[in-house]
Amino acid sequence: MAQAYKTETDSDGSGPERPGSWFRRLLDGWRGDPGIWRRGLVTAGAALLIALVMLFHAQIPNNIGNLGSLTETFLPWLGVFIPVIVVIGVVRKSATALIAVLLPTVIWINQFGGLISDKSGGEGDLTVATHNVNADNTDPTGTAQDVAASGADVLALEELTADAVPTYEKALSRIYKYHSVKGTVGVWSKYPLAETKPVDIKLGWVRALRTTVDTPKGEVAVYVAHLPSVRVKLDAGFTANQRDESADALGEAISKERLGKIILLGDLNGTMNDRALNGVTAQMRSTQGAAGNGFGFSWPASFPMARIDQIMVKGVEPVSSWTLPKTNSDHLPIAARVALSE
């Protein structure tokens, strides 16, 4: 009876399909077909182009519409095209395309695969958070309370308006004993602040500050910055010159910092891949890259595509880094936990 059942099942195909059988059928359909090497040449070319862009993005010139910085801002998203190419290669029965797509796959994994895993661990000594609250925010009280719920010991806010500052001060006063606002940026802290002053980032008005936070593990220099916005225009490309000049000025200020423990919080309007931020990124570590889980995209809040809000450190050890829930802003708030050596 067992043999009869087996025979019947094999003959009418109603039995369960064994693992790998679909792959064997695929190979059988391709075997002896010389067209598998001629089909999909355009698709293979697209795969190689993606690989070249990821591998040599630093060589893409910025003198034409800041094309290099624009590419680097959304560089991880080139990986979206990889499964598309795989599907096209299978549908077209193109061995050439499927082999070619291996190259961008390996490069993408090498560049961004480490960001996918969870690298957080340990307790840490200080929790920090930053949020571009949006000048047009219609619920500053709710936004302040939402971000404070992260448990941050030090909180930085950007894009503060003169009218909204009293509201944020009132909403945060119960949790944070110390705070300072300079221009459109502010810092709130559970620990004493000292030597708070504006940082000149070549704008003509204040969008950055520096303060000393007196933590139980010693003094930490905290910088809060909101670099100029960038725009993508059909007639001008990626307009980021003012942002780039401010980034250089911020990097110079940080390089002259007297304290060994430094934390930078803010909206830098650029990603860690963007060469225009080298003045800052070359001397500091991203908490998300070192101790985060995933890419940590923060903008736009409705569908995050890039991490332009940053927490960077120098002389302290990142322990964990994460994105906070959406508020009434067009940015997502972000937070990190760091360890301070005595």
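Which residues of H10 are buried?

Modeller: Bearing in mind that the model is predicted, the buried residues of H10 are Arg-243, Asp-244, Ser-246, Ala-247, Ala-249, Leu-250, Gly-251 and Ile-254.

For context, another helix, H5, formed by residues 81-91, has Ile-82, Ile-85 and Gly-89 buried. These residues cover an arc of only 60° around the axis, and therefore they lie on the same side of H5. The exposed residues Val-87 and Val-91 are carried by the face of H5 that is turned away from its buried side. After H5 comes Lys-93, and the phi of this residue is positive, near 55°.

Turning to the strands, S14, which covers residues 334-339, is joined to strand S1, residues 126-132, by 5 bridges, and S1 and S14 run antiparallel. Within this pairing, Arg-337 in S14 has Thr-127 standing opposite. Strand S13, made up of residues 317-323, is also antiparallel to S14, and 6 bridges connect S13 with S14. Here Glu-317 is the residue that stands opposite Ala-339 in S14.

Notes: Residues are numbered from 1 along each chain as its sequence is written. This is a predicted model: local features need pLDDT of at least 70, side-chain atom pairs count only at pLDDT 80 or more; totals for chains, interfaces and linings use all residues. Side-chain values use heavy atoms; hydrogens and water are left out. Buried means under 20% relative accessible area, exposed over 50%, partly exposed in between (1.4 Å probe, protein chains only). Helices (H or I, at least four residues) and strands (E, at least two) are DSSP runs, numbered from the N terminus. Two strands pair if DSSP finds at least two bridges between them. The arc is that of the directions from the helix axis to the C-beta atoms.
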